[in-house]
Amino acid sequence: TLAWWSGNSGGKKQPVGGKLPNAWGLYDTIGNLMEWCLDWYGTPLAGGTDPAGPASGTARSFRGGCYSTTAAQASVAYRWNVAPTSIASILGFRVILNLP
């Protein structure tokens, strides 16, 4: 499995790299912590590959599930709406360095 979720995490965050990487070599892109997205939350989204949210709004999108969500919610397609000022142990962001 690639994801940490409520059924295999013991109800807590896990160290990065405990599961297999995805096709691009990135670890923990699903599960463990929900990922803060640049997109504002909107429903329904236009569809297609990684659809963008609305241009403005009151809540940001978070996706990917976390250590306390169900296996079905541990998906990059599953999105939550969270106020931009929210602080919680299940929310995080990803820093990626793109080298030439």
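Predicted model: local features only at pLDDT ≥ 70, side-chain atom pairs only at ≥ 80, totals over all residues.
Two strands pair if DSSP finds at least two bridges between them, and strands here are DSSP runs of E, at least two residues long, numbered from the N terminus.

Residues are numbered from 1 along each chain as its sequence is written, and side-chain values use heavy atoms, with hydrogens and water left out.

Let's start with β1. Strand β1 and strand β2 (residues 60–63) run antiparallel, joined by 3 bridges. Here E35 sits opposite R63 of β2. β1 also has 2 bridges to strand β4 (residues 91–92), and that pair runs parallel. M34 has L91 as its bridge partner in β4.

Now, R63 again. Is R63 buried or exposed? R63 is buried, at 19% relative accessibility; buried means under 20% relative accessible area, with a 1.4 Å probe and protein chains only. Its C-alpha atom is 19 Å from that of G17, which is 46 residues away along the chain.

On to charges. The structure has 1 salt bridge, meaning a side-chain nitrogen of Lys or Arg within 4 Å of a carboxyl oxygen of Asp or Glu. The partners are D39 and R79, whose closest N and O atoms are 3.4 Å apart. D39 belongs to β1 (residues 34–40) and R79 to strand β3 (residues 79–82), so this pair ties together parts 40 residues apart in sequence. R79 is buried too, with a relative accessible area of 15%.

Thanks, everyone!

Key
Helix = DSSP H or I, 4+ residues; strand = E, 2+ residues; numbered from the N terminus. Buried < 20%, exposed > 50% of the residue type's maximum accessible area, 1.4 Å probe, protein only.
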